[in-house]
Amino acid sequence: MITTVGVLGAGQMGNGIAHVFAQYGYRVFLYDISEAQLEKAVNTIRQNLERQARKGAIAESLVGETVGRITATKNMADLAGCDFCVEAVTEHEPLKLDIFRKLDEIVQPGAILASNTSSIPITKIASVTKRPTKVIGMHFMNPVPVMKLVEVIRGHATSDETFSLTAALVAGLEKEMAVSQDYPGFIVNRVLIPMINEAIFALYEGIATAEDIDKGMKLGTNQPMGPLVLADFIGLDTVLAIAGVLYDGFKDPKYRPCPLLVKMVNAGDLGRKSGRGFYTY
Ligand SMILES: NC(=O)c1ccc[n+]([C@@H]2O[C@H](COP(=O)([O-])OP(=O)(O)OC[C@H]3O[C@@H](n4cnc5c(N)ncnc54)[C@H](O)[C@@H]3O)[C@@H](O)[C@H]2O)c1
């Protein structure tokens with residue numbers, strides 16, 4: 001039975017994943033290398049729960065109870081007793097492989113190790129562990145407490161048991177699952193990132209302003225937000241990393257990241273999280 005969950009990475013996804021598991025009664029260990037990120041994550045979770053309570057979505061008493069189930073830690077060894085771990089550190093393959101190598105050594109052998117990666121092959125992540133049958137992709141959408149979908153990705157070795165337990169966990173969090181095979185970008189980012197990248201090309205080539213590109217796509221195709229606003233929301237470093245995985249994975253020039261995206265990431269304009277991207281925050 002899964003009662004204790006480890007979440008690795010306390011950024012925008014990690015805090016949302018910790019929030020949802022804790023809200024549904026799981027004991028959560030939230031790990032990050034950065035003290036500041038851990039502090040920010042716990043504050044964000046509290047504020048988001050308070051907002052949910054104000055809207056009447058959850059009982060007032062759940063705020064303290066939920067936050068109380070989360071232990072923030074800079075020590076990965078605290079995750080040793082977890083039954084299930086979800087990794088949500090920066091989208092950088094060597095970093096993820098390193099984290100999974102360590103996690104595999106630390107966490108009890110029966111535990112499932114999931115990755116929230118947007119695009120890095122689950123099969124490759126699983127290959128650095130001694131438990132590839134227990135490694136799976138569990139790709140939450142941003143913001144996690146709000147978005148209904150979890151994309152579940154089966155690596156080459158993922159067992160039926162691991163898949164069933166993960167599927168049950170998704171249902172228990174009252175989310176919907178879309179199942180993908182393990183190919184670059186899975187389902188959502190295979191379709192989404194080329195659209196965002198094309199919107200950035202449209203801006204780069206002077207076809208229209210950012211505002212008009214977003215207005216065109218928002219009102220013209222009935223999307224809740226335009227692709228450049230969405231890119232700022234996701235984080236331009238993450239968008240670039242996913243575009244790079246698609247480009248490398250398929251070796252097809254149609255996935256080449258727009259030079260403007262590369263330049264903005266080099267400049268540190270990462271979108272909402274840095275205060276500036278295609279828009280200023
Ligand atoms: N942003 C999105 O919309 C979105 C959506 C779905 C999935 N994802 C995926 O979720 C993951 C995290 O993305 P994010 O948007 O939360 O990024 P983020 O930049 O907000 O957070 C990343 C966190 O990882 C931490 N970190 C970096 N190196 C670490 C290490 N060695 N050990 C522990 N923690 C470390 C950082 O301190 C930071 O808190 C990525 O794989 C990304 O592709 C992102």
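Me: Which residues line the second largest pocket?
Reply: This is a predicted model. The lining consists of E93, P121, K124, D182, Y183, P184, A241, G244, V245, D248 and G249. The pocket holds about 190 Å³ of space.

Me: Which element gives the largest share of that lining?
Reply: Helix 10, residues 236-250, does, with five residues. Both domains take part: domain 1 (4-181) and domain 2 (189-274) each supply at least three residues.

Me: How many lining residues of the second largest pocket are nonpolar, polar or charged?
Reply: Five are nonpolar, two polar and four charged.

Me: How do I read a pair of aromatic rings?
Reply: Take the distance of the centres and the angle of the planes. Here the count is four aromatic pairs. In one of them, F21 and Y26, the planes meet at 80° and the centres are 5.4 Å apart, so the pair is edge-to-face.

Me: What are the distance and angle for F21 and F140?
Reply: The centres are 6.3 Å apart and the planes are at 75°, again an edge-to-face pair. F21 sits in helix 1 (residues 12-23) and F140 in strand 6 (residues 135-140), so this pair ties together parts 119 residues apart in sequence. F21, Y26 and F140 make up one aromatic cluster.

Me: Is F140 buried or exposed?
Reply: F140 is buried, because its relative accessibility of 1% is under the 20% cut-off. F21 is buried at 0%, and Y26 is buried at 14%.

Me: Where does A126 lie?
Reply: In helix 5, residues 122-127. A126 is buried, with a relative accessible area of 5%. Beyond its neighbours within four places in sequence, A126 contacts P132 and V135.

Definitions and conventions
Residues are numbered from 1 along each chain as its sequence is written. This is a predicted model: local features need pLDDT of at least 70, side-chain atom pairs count only at pLDDT 80 or more; totals for chains, interfaces and linings use all residues. Side-chain values use heavy atoms; hydrogens and water are left out. Helices (H or I, at least four residues) and strands (E, at least two) are DSSP runs, numbered from the N terminus. Buried means under 20% relative accessible area, exposed over 50%, partly exposed in between (1.4 Å probe, protein chains only). Contact means heavy atoms within 4.5 Å. On a 1 Å grid over the protein atoms alone, a cavity is a set of points where a 1.4 Å probe fits but cannot get out, and a pocket is an open set with protein on both sides within 12 Å along at least five of seven lines; lining residues have an atom within 4 Å of a point. Grid points are joined across faces, edges and corners, and a volume is the space filled by probe spheres set on the points. Ala, Val, Leu, Ile, Met, Phe, Trp, Tyr, Cys and Pro count as nonpolar, Asp, Glu, Lys and Arg as charged, and the others, Gly among them, as polar. Domain bounds come from an automatic or database domain assignment. Rings of Phe, Tyr and Trp (its six-membered ring) pair if their centres lie within 6.5 Å; planes under 30 degrees apart count as stacked, over 60 as edge-to-face and the rest as tilted.
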